[in-house]
Amino acid sequence: MIKAKNKLGLVFFPAFDWAISPDHPEREERLLYTKDQLFEEGIEDIEGLTLLNPVLAETRDIQRVHFCVPDVSSRLTESHYIAAGGAIRSFQAVMNKEVDKAFALLRPPGHHAQRVVYGSRGFCLINIEAVMLERIRQEFGHFRAAIIDTDCHHGDGTQDIYWNDPDTLFISFHQDGRTLYPGTGFVEEFGGPGAYGYNLNIPLPPETGEEGFLYVLEHVVMPVLADFKPDIVINSAGQDNHYTDPLTRMKFTAQGYAKLTERLNPDVAVLEGGYSIEGALPYMNLGILLALAGIDYSNVVEPDYYDLDLRQSDDVTDYIKELSELVYHRWEIKEYLKEKEFKGLEEFTRARRIYYDTDGILEQQRETIHHCSKCSGLVVIDSKSDQGIGILAVTIPRDACKKCMQIGERLFRHPPGHYHHHYLQDRVNDRFYAK
Amino acid sequence: MLIGLDMGGTHVDGVLIDKGQVLKTIKNPTRWDNLFYSIWTTLQELAEGVDLKDIERINLSTTISTNAIAENKVEAVGMIIQSGPGLPKEFLACGDENLFVSGYVDHRGKTVKGINKAEILAGIENFKEKSIKNCAVVTKFSPRNAAHELKIKEMIEGNFATVTLGHRLSGKLNFPRRVFTSYLNAAVSSIFRSFVQNLLAALAKAGITAPVYILKADGGTMSIDMALEQSVDTILSGPAASLMGLTALLPIEGDGVLLDIGGTTTDFFFLADGVPLFEPLGITISNYKTLVRSIYSHSIGLGGDSRLQIEKGELKIGPLRAGKPMALGGTEATPTDAMIALGQLTMGEEAKSVQGMRDLGKKLGLSSQQMATAVLEKMGEIIKEEIFLLLAKINSKPVYTIRELLYGKKVVPKELGLIGGPAKSLAPILGKKLNMPCYYPKYFPVANAVGAALAKITTEVTLLADTELGSLRIAETAYSEQINKGYTLEKAVEQAKELLAEKARSLGEKGKVEVEIVEAESFNMVRGFSSGGKNIRVKAQIKPGLSCSLRGEEDD
């Protein structure tokens with residue numbers, strides 16, 4: 001039987017008894033054909049591949065990342081604890097050196113879930129990768145991580161969660177927000193004052209093909225990673241850039257995804273979106289799995305791969321070249337840009353409207369980040385949903401100084417105004433308080 | 001009357017059972033130069049003095065196929081493999097010639113690309129030139145749609161003595177295992193056929209008309225006709241026969257552990273609700289991973305003849321074998337000596353065993369009696385730890401639904417059964433360590449033959465219905481029919497039950513068929529923005545069981 005070059009841990013949890021609704025893209029059937037393909041290939045017998053079952057994430061794992069309104073238990077279903085727990089299990093296997101790499105091939109996805117959670121957005125309720133990463137940092141000690149989001153939709157949830165964290169580099173490449181949900185992910189979204197430049201977006205034009213994706217990888221992602229030197233690389237491995245995906249307009253392929261995975265060489269990959277469940281997912285998941293395990297994937301192709309012209313146009317190629325140059329240049333001069341953006345400001349405020357498309361909720365949010373010379377700064381969110389619920393959410397960051405801690409605690413105890421709920425996320429002591 | 005016969009590596013064991021009562025047992029040495037003779041003489045001895053008309057059936061566990069594979073005395077096989085997209089194909093090569101052909105069927109059973117006849121005809125010319133008489137045809141996803149395997153068979157039929165088709169051997173999805181299983185089947189089928197012909201001729205000559213059934217590794221039986229088509233299913237049936245015998249001698253209804261502690265090894269088996277656990281996919285033989293359904297068993301190097309060593313002030317037992325006990329003239333003290341020294345076993349010269357224990361005990365500052373006790377305690381400890389380790393693995397098998405993950409069946413043994421020389425000595429120790437009742441039968445010279453005699457027909461059926469394509473298929477038989485949009489999971493379960501019962505009767509089952517539904521899933525298929533149909537999957541099986549319970553002897 002075939003032997004894996006890299007020992008691979010696979011948490012495969014298709015949640016065959018869970019759906020958002022019977023006709024929803026996020027339904028029981030989504031990974032059915034992936035399972036058939038993987039098992040017919042005999043992956044269970046690959047030497048060096050270990051199948052792992054999910055553990056259950058705990059409430060505190062969710063609270064470390066999110067402010068669920070009103071609380072964790074009233075928002076989550078069992079499927080969310082399992083999906084996050086499955087990702088945690090896969091990462092633990094890497095950290096415990098049971099395996100070299102891990103693939104959490106599970107659902108539901110998470111990368112649209114932001115810090116505040118009134119409901120589901122973009123099929124996501126909690127951010128699987130963030131819950132996983134923060135739990136592992138708590139369990140194994142702090143480390144620097146890079147999250148590379150290769151889903152076709154902008155990873156706006158992950159961006160929001162790590163917006164002001166200088167130890168977590170977030171890079172998302174996706175179909176341009178002017179043409180696709182969630183409508184964000186532009187080059188100018190560059191991070192908060194405590195982590196300016198550590199949030200990189202590469203909005204790609206529709207019809208981008210293998211060539212374009214691999215160009216971005218080679219000319220932006222890999223050089224940035226070489227500069228940042230993360231301890232761990234995580235891939236949010238959404239698969240909806242595929243040419244058959246019903247929700248997007250890209251021309252990516254199973255071969256392309258496998259090449260990208262091989263080159264990116266992540267420690268942990270977590271499935272995100274991807275809804276071409278019959279024509280794409282079985283082949284892409286197999287391609288990614290083989291690439292992670294270091295097994296020849298050259299024979300993994302879709303049924304119509306050779307019949308179609310999947311090359312991108314010259315215009316797209318030129319556009320991507322220019323865009324890549326711009327993004328990498330901004331990365332190189334991020335300190336200068338930070339100076340220009342934040343100099344003299346004591347605090348930095350953003351006002352945003354966040355739409356929960358899956359649940360039809362609109363949130364008005366004001367986020368204030370305290371500019372602090374000693375730490376990445378206290379973060380205060382003042383938010384209200386169109387259902388009339390108002391909350392105050394305070395985050396004392398992991399690296400908080402004494403002063404920021406005190407201000408945070410005071411704000412939680414004596415909120416400035418009336419709120420239905422107020423929350424304190426104390427990352428220094430890993431505690432969560434709600435009133 | 002039932003005859004059970006198990007041909008093992010050293011002995012051929014036979015038993016004659018009537019109405020749950022063991023009437024006769026026979027143990028003969030296996031003659032390696034003439035396996036058929038070994039079986040035939042044992043059969044004759046069992047049938048002696050019996051009215052031949054009273055013999056209802058003969059159940060036979062043979063090592064014919066197992067030995068042929070283990071000793072690589074198999075026939076040449078030409079493989080025709082259609083591998084489609086996916087893993088590299090080179091590692092699938094097995095047998096003597098491999099013809100990889102184009103075309104493929106996808107995961108839903110849709111034909112993406114047809115077969116290329118010229119390619120196949122040229123390939124089999126090569127097989128014929130090399131005088132290959134056995135051929136196996138295996139295509140990816142053939143349990144979903146066997147059309148390509150059937151078409152290729154039609155093209156090549158008449159050119160080979162045997163043609164094995166992958167989908168006939170298992171409804172499970174695992175292409176590499178299907179390739180290897182098909183290869184082994186083709187490799188042993190002629191050898192097994194000539195054995196059967198000899199046997200049937202001898203039976204006819206002797207006037208025995210009772211039907212013959214062949215034991216499988218899953219603890220069940222199949223008819224001779226089935227065994228001729230699926231000879232690979234006869235491999236490694238010995239341990240299954242032993243386990244079935246154990247369940248007859250020590251009826252356990254809930255979850256339990258069964259141990260066969262021999263001279264060299266200890267074999268572990270597990271029961272869930274009284275039924276033996278299976279290997280998840282199939283048995284492994286001579287480095288070939290197969291889809292041959294088999295009882296789960298695990299073996300460690302620990303037994304009455306194990307080597308005892310003191311390392312860094314600690315007692316180690318096994319995994320190597322020391323040889324016969326000192327009481328019987330051996331040179332090293334063994335666990336068997338420990339039992340003799342404690343007076344739990346009467347065998348050979350007790351004084352030598354005591355001396356052996358005394359010498360060993362000196363290194364630890366223990367008396368001979370204390371040392372002997374420590375040896376048995378340590379054996380119990382090793383077994384206990386192994387049971388925990390195996391249970392952890394068994395209970396963490398992958399699951400794919402929230403229901404199974406949160407509320408799925410876990411195997412939690414409540415009873416322990418033992419056979420083998422050290423069983424009596426270890427039973428009280430293990431009972432205490434595992435805190436569960438521990439049984440061993442008083443008398444068990446031919447448990448394996450008893451298991452063979454009482455085994456029943458087992459079989460399975462995998463039904464796949466796709467209401468969008470309007471098709472229903474049975475994976476193992478290539479049976480297909482058209483269905484309408486209104487076809488439901490309930491109908492599928494009913495139909496699977498009927499088809500399974502039909503299959504069991506065609507295999508020779510005359511009694512009541514107890515069907516178990518192993519899997520029953522229905523998926524809503526959505527295409528575009530509307531519901532396109534249902535993807536229904538049902539797996540039904542007949543579990544291994546005993547045709548009747550044993551009467552008589554009460555056991556501890």
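Predicted model: local features only at pLDDT ≥ 70, side-chain atom pairs only at ≥ 80, totals over all residues.
Me: Is His418(A) buried or exposed, and why?

Reply: His418(A) counts as exposed, because it has 8 C-beta neighbours inside 10 Å. Residues are numbered from 1 along each chain as its sequence is written, with chains lettered from A and ligands numbered from 1 in the order in which they are written.

Me: Where is His418(A) placed?

Reply: In the loop of chain A between helix 12 (402-413) and strand 15 (421-426). Helices (H or I, at least four residues) and strands (E, at least two) are DSSP runs, numbered from the N terminus.

Me: How many Å apart in space are His418(A) and Thr358(A)?

Reply: 28 Å, C-alpha to C-alpha. In sequence, 60 residues separate them.

Me: Switching to chain B. In which sense do strand 23 and strand 24 pair?

Reply: Antiparallel, over four bridges, with strand 23 at residues 460-466 and strand 24 at residues 471-474 of chain B. Pairing needs at least two DSSP bridges between the strands. Asp466(B) stands opposite Ser471(B).

Me: Which residue in that hairpin takes a positive phi?

Reply: Gly470(B), near 70°. The hairpin has four residues between its strands.

Me: And how many bridges join strand 24 and strand 25 of chain B?

Reply: Three, again antiparallel, with strand 25 at residues 480-482. Leu472(B) faces Glu481(B) across that pair. Five residues lie between these strands, and Ala478(B) in the turn has a positive phi of about 65°.

Me: Which residues of helix 13 of chain B are buried?

Reply: Ser425(B), Leu426(B), Ala427(B), Ile429(B) and Leu430(B), in a helix spanning residues 423-434. They pack against several elements of chain B, including helix 11 (368-394) and strand 21 (415-419). Just after the helix, Asn435(B) has a positive phi of about 55°.

Me: How many residues does the contact take from chain B and from chain A?

Reply: 34 from chain B and 39 from chain A. Contact means C-beta atoms, placed from the backbone, within 7 Å.

Me: Which element gives the largest share of chain B's side?

Reply: Strand 26 of chain B, with five residues. By class, that side has 19 nonpolar, eight polar and seven charged residues. Nonpolar covers Ala, Val, Leu, Ile, Met, Phe, Trp, Tyr, Cys and Pro; charged covers Asp, Glu, Lys and Arg; the others, Gly among them, are polar.

Note on methods: Buried ≥ 20, exposed ≤ 12 C-beta atoms within 10 Å, placed from the backbone. Contact = placed C-beta atoms within 7 Å.
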